[in-house]
Amino acid sequence: MRWTAGGTAPTLSVAAKAARLVALAGNPNVGKTTVFNQLTGLRQKVGNYPGVTVERKVGQVATGGSRAVQIVDVPGTYSLNPRSLDEEIAYRVLVGEMQGQERPDLVVCVVDAGNLERNLYLTSQVLDLGIPTIIALNMTDSSEREGVFVDAGALSRELGVPVYPLAASSGKGIEALKQGLCAELPSVPPRRWKMPAALQKEVDHLAQRLSVDVPQLSASMRFADALRALANTTAPRFETHHSAEFWQEVDAARERLRAQGTLYEQEEIIARYQWITPLAERVVQIRRKDGHRSVSERIDSVLTHRYLGPAFFLAVLLVVFQAVFSWAAPFMNWIEGGMSWLSALAANHLPPGLVRGLVIDGVLAGVGGVLVFLPQILLLFFFLGLLEDTGYMARVAFIMDRPMRKVGLSGRSVVPLISSYACAVPGIMATRTMDSQRDRLVTMMVAPFMTCSARLPVYALVISAFVPAAGHFGFVSYQALTLMTLYLLGTGMAVLAAAFLRNRLIKGSSSTFVMELPSYHRPRLRDVAWRMSERAKIFLTRAGTIILAVSIVLWFLAAFPQTKSDAPNAQVDSSTQLANSYMGRAGHLWEPMLKPLGFDWKIGVALLSSFAAREVVVSALGTIYSVGDSSDDVSSLKERLKADTYPDGTRVWSPLVAASLLMFFVLACQCMSTLAVVKRETNSWRWPIFMWTYMFALAWIASFVVYQGGLLLGWG
Amino acid sequence: MTLDQLKPGERGVVTGWTRDEPPSRLLEMGLLQGTLLEIIRLAPLGDPIDIRIRGYHLSLRKHEAGLVEVQPV
């Protein structure tokens with residue numbers, strides 16, 4: 001929300017608002033998602049903040065009472081001095097700077113009873129904002145098992161706000177918390193931590209200045225705002241209500257503090273902990289023997305062990321891959337079967353002509369080709385959710401940081417890159433938790449090299465057509481070996497590109513790697529299942545909107561202008577039709593550019609249509625080679641490919657052409673969705689354009705080398 | 001000595017920083033002057049390290065650990 005003229009002043013919106021808006025804040029790994037799910041049940045939805053398309057999770061609390069309560073999930077953050085994108089969103093939502101989101105009436109700060117002291121750091125920042133706040137003291141069950149007991153009553157007295165003990169995973173305390181959400185808003189306690197006098201003086205001065213600039217802000221909000229502006233040197237200066245003069249005063253204040261030897265950034269943090277540490281000692285009782293090792297510590301002695309740790313990680317990867325590729329197969333067959341059934345149905349009931357073509361070749365082939373990947377994507381999200389919720393992901397980053405750093409990435413890049421084996425889109429979205437903008441950009445820029453599931457249909461078609469099924473190398477078939485080589489090529493390229501981009505192109509501060517290793521928790525399957533269903537909804541919406549639209553457009557470009565046959569009533573050969581269509585013309589237009597790679601205009605057309613999504617190349621080739629109605633019938637399509645000749649009798653699809661095409665697909669970023677998500681995440685066209693260009697150039701060069709090199713060696 | 005020189009199992013108290021402006025994220029995570037810490041283990045390739053402070057586990061790279069001055073206890 002903007003405070004400037006034209007925006008909505010918060011005072012107005014409060015009057016107009018019916019439901020109470022509650023923000024759910026807290027550190028990462030405090031079970032916030034479980035609390036959210038327990039409070040809302042199924043009455044939740046994932047949407048976007050307008051304009052910025054950052055995910056926004058809201059739900060209705062089933063209060064059973066008179067008051068409607070809406071709850072918005074805030075990304076987990078350690079501090080309101082934001083460093084990562086996720087943290088910036090958290091901060092903006094709380095202070096009401098997020099467009100399309102009212103300022104919350106109440107903040108629920110979820111804290112981990114087993115890790116109270118560090119959790120209270122964020123709590124102290126939230127309390128400074130002057131918004132009514134209640135504390136959800138979560139994970140009391142697991143902390144008590146480890147001998148850590150928190151006195152909720154004492155904590156409430158010390159903080160001056162209500163505290164609700166919770167064990168969200170079993171639902172204990174949820175009802176009481178719901179009552180708390182409906183109750184009278186708690187009063188805001190005065191600030192209890194004391195900062196050094198010199199700092200206090202400057203903050204008061206700046207807050208005074210803000211009362212002139214933005215009189216709508218409450219006194220505590222002004223104080224918090226002034227303090228953040230002064231003490232936080234790393235975060236972007238994004239507040240819209242700060243004038244240039246204000247920042248000049250901030251700089252002057254910093255100068256004065258430095259001159260007196262006050263390290264303002266440190267002193268604020270130290271002052272908060274000086275209040276928190278003794279407070280935590282008063283309310284936390286630790287009852288356990290000396291030398292006690294928690295369950296998590298014992299698990300970690302295996303999972304982060306020198307040899308067992310990496311071995312376990314490898315085993316996890318193998319299980320996930322196996323699941324994504326083989327467990328998904330039956331479900332994918334069902335979807336394919338369903339699509340063929342629908343196609344047959346359409347073929348039987350629609351008269352031949354444009355409508356039938358549109359339905360079968362456009363809508364069903366296009367949307368169906370993408371829908372087939374739903375089982376794989378769901379399975380991947382199931383496993384990622386499981387690994388995330390147990391706390392294992394942090395261990396992956398811990399184990400992999402060193403090797404990843406050698407290639408210019410960080411331990412935090414591992415999860416996004418592994419996700420990209422399924423699809424680069426969730427992979428790129430997973431980079432949001434990275435706090436170094438440089439690492440994040442590099443990770444995003446190389447993620448599409450990881451062999452995503454959309455490349456599989458392409459690889460499968462070309463490999464089954466050109467690599468003999470019979471041959472073996474040891475116990476591995478040539479076909480499997482080829483597939484593995486393609487995966488390795490993609491991954492290797494990601495590594496090389498990361499090293500290059502980091503050294504040459506993408507500058508920025510070196511990353512720091514400071515990461516909590518949270519306690520292990522038994523995952524709640526319901527939370528994981530909900531996340532999967534959210535993903536499914538997003539994916540299906542995309543298939544029903546963007547992909548549907550693109551499929552229709554592609555079909556239109558291939559079907560128009562219509563070639564009229566000279567002889568009346570004669571069917572126009574569909575490849576003649578295609579050659580003369582807009583798409584065929586485009587294919588011819590860029591054929592000269594593809595000739596050196598061994599591709600003819602038909603492959604050019606397929607490549608053009610595959611820009612929407614890689615797997616579209618299969619259905620496009622199907623249309624081009626007019627294999628009847630079932631364009632995804634691989635066995636007959638591959639025979640057609642092998643039989644196709646140039647006018648002089650030479651084969652269009654030699655094995656060398658096939659190798660060149662595979663090389664192209666390993667490297668090129670033929671995926672609109674990926675580019676769209678990069679545009680969204682970087683908020684600029686620069687990076688998606690750069691990404692497409694450099695990957696296309698690499699693909700072209702590599703295919704050129706493969707094809708021309710092969711010709712020189714006489715393999716053509 | 002600095003934090004990266006401690007071995008797994010050893011404990012120390014933070015006495016200061018090797019430079020004027022330590023990474024504020026480390027401070028915010030509770031690694032402050034006077035904080036008691038214990039080295040739990042090193043990652044399989046020797047870096048980063050896993051330390052226990054204020055009752056929880058934090059991992060940081062040797063590079064950042066080298067900025068933290070400690071007194072072994």
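**Entry 1: a sheet across two chains**

I started with an open sheet of 6 strands, ordered β12(A)-β4(B)-β3(B)-β2(B)-β1(B)-β5(B), with antiparallel pairing. I count strands (E, at least two residues) and helices (H or I, at least four) as DSSP runs, numbered from the N terminus. Two strands pair if DSSP finds at least two bridges between them. At the edges I found β12 of chain A and β5 (68–72) of chain B, each of which pairs on one side only. From one strand to the next, the twist averages 40 degrees.

A note on what I'm looking at: this is a predicted model, where local features need pLDDT of at least 70, side-chain atom pairs count only at pLDDT 80 or more, and totals for chains, interfaces and linings use all residues. Residues are numbered from 1 along each chain as its sequence is written, while chains are lettered from A and ligands numbered from 1 in the order in which they are written.

**Entry 2**

How many bridges join strand β12 of chain A to β4(B)? I got 3, with β12(A) covering residues 514–516 and the two strands running antiparallel.

Next I checked the whole contact between the chains. Chain B gives 27 residues and chain A gives 29 residues; for me, two residues are in contact if their C-beta atoms, placed from the backbone, lie within 7 Å. On the side of chain B that touches chain A, α1 (24–28) and β4 (56–60) each supply at least two residues. That side of chain B splits into 12 nonpolar, 5 polar and 10 charged residues. My classes: Ala, Val, Leu, Ile, Met, Phe, Trp, Tyr, Cys and Pro are nonpolar, Asp, Glu, Lys and Arg are charged, and the others, Gly among them, are polar.

Most residues other than glycine have a negative phi, and most peptide bonds are trans.

In chain B, the peptide bond from D47(B) to P48(B) is cis, with omega near -5 degrees. P48(B) sits in the loop between β2 (36–42) and β3 (49–53) of chain B.

In chain A, N29(A) has a positive phi, near 60 degrees. I found N29(A) in the loop between β1 (20–26) and α2 (32–40). Is N29(A) buried or exposed? N29(A) counts as buried because 20 C-beta neighbours fall inside 10 Å. The cut-offs I use are 20 or more other C-beta atoms within 10 Å for buried, 12 or fewer for exposed, and partly exposed in between, with C-beta atoms placed from the backbone.

M139(A) also has a positive phi, near 60 degrees. M139(A) lies in the loop between β6 (133–138) and α5 (140–145) of chain A, and is buried, with 28 other C-beta atoms within 10 Å.

**Entry 2: chain A and its helices**

Chain A has 31 helices and 12 strands. Of its 716 residues, 46% are buried. Among contacts in chain A with a separation of 6 or more, 71% are between residues 24 or more positions apart.

I picked two helix pairs. Helix α6 (residues 152–159) and helix α11 (residues 264–283) of chain A pack at about 150 degrees, with axes 9 Å apart. I take axes as lines fitted to C-alpha atoms, for helices over the stretch in contact, with angles from 0 to 180 degrees between N-to-C directions. So α6(A) is roughly antiparallel to α11(A); the scale is under 35 degrees for roughly parallel, over 145 for roughly antiparallel, 65 to 115 for roughly perpendicular, and oblique for the rest. A154(A), L155(A) and E158(A) in α6(A) meet L279(A), R282(A) and V283(A) in α11(A). By class, these are 4 nonpolar, no polar and 2 charged.

In the second pair, the axes of α24 (residues 582–589) and α26 (residues 601–609) of chain A come within 8 Å and cross at roughly 115 degrees. That is why α24(A) and α26(A) count as roughly perpendicular. Their contact has 5 nonpolar, 5 polar and 1 charged residues.

**Entry 3: one leucine**

Last, I looked up L661(A), in helix α29 (residues 655–667) of chain A. L661(A) counts as buried, with 24 C-beta neighbours inside 10 Å. Leaving aside neighbours within four places in sequence, L661(A) is in contact with V462(A), F599(A) and I603(A). I603(A) is 58 residues away along the chain, yet the C-alpha atoms of L661(A) and I603(A) are separated by 8.9 Å.
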